[in-house]
Amino acid sequence: MKKSLIVLLSGTLLLALGMGLLKWNEARKPIADIDLEPVRVNASTHALEADLTLTLREDSKDTVVSVETTMGENTDTTELAVEGDGHYTGRLSFPLDQRGACAVEAIITRDGTTRRETLRTYEDIFSLLPVRVQRCWRVGPKYQEGSLGLHNGALTTRVYDLNVAGMEGGSGAVELRGYCGGALVRAVPGEWDPDSGLYSTGDLEVPCKAEDTVRITLLCQDADGVAYEFTTGRWKITTSGKVEEVPERKQDSYPVLTWPE
């Protein structure tokens, strides 16, 4: 019993020391708060624009803060504006014609010394896109074989209570799409309900047959004409006429962008 109590006290002491060390390290960091908020996708430059607000724990008149964004071999530098009380702001631009990891670092120069601090790292900058499917309910999909003993039929589905961030107030357009064999074969438009603030569509019927794979997507076009196409799922029609969901692919994680002409 005595030995167990000593072990318990030792563990509690180590935990307290660990928490104290963590708080001490946090207090030593020059940055108290960071807010990076996506604003829009610029259709003319094919870039994601985001507003950054950075707050320093200690500030002085000679402090200069800039931010480096690195994607692959490309690095852009943006000098932040002084807002007072340790607040610095600026608008960052992330090119969307390239994919890959992104690092955002602050460069703080004060009293003749320079310090670098990592603000954010992203596996894929597409995770910051302002247009996102927040919620969506789907009916089906169901497969119905064709008549006269033919194995040709149709996969049917529709969506409702679709909440799309970045298209509030019905500012965008929605389309439910069906692909078979990699080709777009059917599409139905969505409607926005001003009472609920949500979108819905009618039935989408995708012609297909046994052993075909059907991909269903949601195309969401914002007010600037930029289209975001989200893959909601892939389904294979079995030889017995049933629908089996195909595992998600890596490229399904984020939408495909189409720029206005």
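**Figure 1. Strands S3 and S7.** Strand S3 and strand S7 (residues 102-110) run antiparallel and are joined by eight bridges. Within this pair, Val65 has Ile108 of S7 as its bridge partner. The model is predicted: local features need pLDDT of at least 70, side-chain atom pairs count only at pLDDT 80 or more, and totals for chains, interfaces and linings use all residues. Residues are numbered from 1 along each chain as its sequence is written, and side-chain values use heavy atoms, with hydrogens and water left out. Strands (E, at least two residues) are DSSP runs numbered from the N terminus, and two strands pair if DSSP finds at least two bridges between them.

**Figure 2. The sheet S4-S3-S7-S8.** These four strands form an open sheet in that order, with antiparallel pairing. S4 and strand S8 (113-122) stand at the edges with a single partner strand each, so one side of each has no neighbour in the sheet. From one strand to the next the twist averages 20 degrees; axes are lines fitted to C-alpha atoms, and angles run from 0 to 180 degrees between N-to-C directions. Strands of a sheet pair through backbone hydrogen bonds, either parallel or antiparallel.

**Figure 3. The S3-S4 hairpin.** Six bridges pair S3 with S4 in the antiparallel sense. Thr69 has Asp76 of S4 as its bridge partner. Two residues lie between the strands of this hairpin, and Gly72 in the turn has a positive phi of about 65 degrees.

Figure 4. A cavity is a set of points on a 1 Å grid over the protein atoms alone where a 1.4 Å probe fits but cannot get out, and its lining residues have an atom within 4 Å of a point. Grid points are joined across faces, edges and corners, and the volume is the space filled by probe spheres set on the points. The count is one cavity of 30 Å³ or more, and the volume of the largest cavity is about 40 Å³. Its lining consists of Thr69, Met71, Asn74, Asp76, Ser93, Phe94, Pro95 and Gln98. Strand S3 (64-71), strand S4 (74-79) and S6 each give two or more residues to this lining, and S6 gives the most, with three. By class, the lining residues are three nonpolar, four polar and one charged. Here Ala, Val, Leu, Ile, Met, Phe, Trp, Tyr, Cys and Pro count as nonpolar, Asp, Glu, Lys and Arg as charged, and the others, Gly among them, as polar.

**Figure 5. The sheet S1-S2-S6-S5.** This open sheet has four strands in that order, paired antiparallel. Strand S1 (31-42) and strand S5 (81-84) are the edge strands, each pairing on one side only. Neighbouring strands are turned by 25 degrees against each other on average, direction ignored. Strand S2 (residues 47-56) and strand S6 (residues 87-95) run antiparallel and are joined by nine bridges; Asp51 has Arg91 of S6 as its bridge partner.

**Figure 6. Two backbone details.** His46, in the loop between S1 and S2, has a positive phi near 55 degrees although it is not glycine. The peptide bond from Gly140 to Pro141 is cis, with omega near 10 degrees, and Pro141 belongs to strand S9 (residues 132-145). Most residues other than glycine have a negative phi, and most peptide bonds are trans.

**Figure 7. Arginines over aromatic rings.** A charge sits over a ring if NZ of Lys or CZ of Arg is within 6 Å of the ring centre and within 35 degrees of the ring normal. Arg99 lies over the face of Phe126, 3.6 Å from the ring centre. The charged end of Arg215 sits over the ring of Tyr179, at 4.4 Å from its centre.

Terms used. 1 Å grid on protein atoms, 1.4 Å probe; cavity = no way out; pocket = protein on both sides within 12 Å on 5 of 7 lines; lining within 4 Å.
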